[in-house]
Amino acid sequence: MPLEKKEQLEQIRVDIEKNNVCPDLAKTAKHLVFGYGNVDAEILIIGEAPGKKEDETGMPFVGASGRLLDEMLSSISLNREDVYITNIVKYRPPNNRDPLQSEKDQFLPYLKQQITTLAPLLVITLGRHSMQCFLPNAIIGEAHGLLFRVKQENILPLYHPAAGIYNRTLRETMKKDFEKIPEILALIRKEK
Ligand code: URA
């Protein structure tokens with residue numbers, strides 16, 4: 001019998017530790033932040049890397065960015081239990097520096113396994129780091145809010161919530177992008 005999704009995800013998590021992915025980050029991190037949410041959700045949200053709060057708790061998006069993400073989700077009547085959330089890099093980079101290309105490359109095969117296991121209808125990337133895993137040449141200022149088909153996946157790049165914290169004028173744009181999600185999902189469901 002095939003493994004249940006939760007068991008498959010647990011196996012991926014164990015493999016990350018067993019295969020010693022990004023040992024330098026693992027050394028300084030308190031937790032591996034693997035992902036959280038509804039394994040049967042239609043939407044998979046992919047962020048960049050854990051910050052301080054995420055490192056302390058082992059949960060993705062529990063700090064300031066997470067609060068803004070929750071706000072955006074609730075503006076379209078969704079909450080954490082309606083989505084699954086993970087990051088490309090699963091250990092906190094020291095001092096919240098940007099993840100290195102080599103770190104993203106090392107985690108990418110595990111992210112791909114998570115996507116195959118979860119089989120979401122829509123993958124939402126937050127910010128340029130996760131977007132560029134799928135659309136290496138895309139520019140977030142141009143690609144945000146547009147649906148892309150990459151191989152089998154439906155990819156919707158959105159601004160990272162941190163961008164809306166540092167630049168409040170972006171929030172209206174972010175909200176409008178989030179408001180596109182229900183109709184994008186309806187379109188994908190129809191095509192299935
Ligand atoms: N920013 C991210 O990209 N991911 C988190 O989990 C938290 C903040």
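A residue is taken as near a molecule if one of its heavy atoms lies within 4 Å of it. By this criterion, the residues around the ligand are G47, E48, A49, E54, P60, F61, N87 and H160. The model is predicted: local features need pLDDT of at least 70, side-chain atom pairs count only at pLDDT 80 or more, and totals for chains, interfaces and linings use all residues. Residues are numbered from 1 along each chain as its sequence is written, and side-chain values use heavy atoms, with hydrogens and water left out.

The shell comprises three nonpolar, three polar and two charged residues. Here Ala, Val, Leu, Ile, Met, Phe, Trp, Tyr, Cys and Pro count as nonpolar, Asp, Glu, Lys and Arg as charged, and the others, Gly among them, as polar.

A backbone N or O atom of E48 lies 2.7 Å from a ligand oxygen. For A49, a backbone N or O atom is 3.1 Å from a ligand nitrogen. The side chain of H160 places an N or O atom 2.8 Å from a ligand oxygen. Of the 240 Å² of accessible area that the ligand has on its own, the protein covers 93% (Shrake-Rupley method, 1.4 Å probe).

Six strands (DSSP runs of E, at least two residues) form an open sheet with mixed pairing, in the order β1-β3-β2-β4-β6-β5. Pairing requires at least two DSSP bridges between two strands. The edge strands, β1 (36–37) and β5 (148–150), each pair on one side only. Strands β1 and β3 (residues 83–87) run antiparallel and are joined by two bridges. G37 has Y84 of β3 as its bridge partner.

Definitions and conventions:
A polar contact is a pair of N or O atoms within 3.5 Å; within protein, one must be able to donate a hydrogen and the other to accept it, and residues adjacent in sequence count only if both atoms are side-chain atoms. Helices (H or I, at least four residues) and strands (E, at least two) are DSSP runs, numbered from the N terminus.
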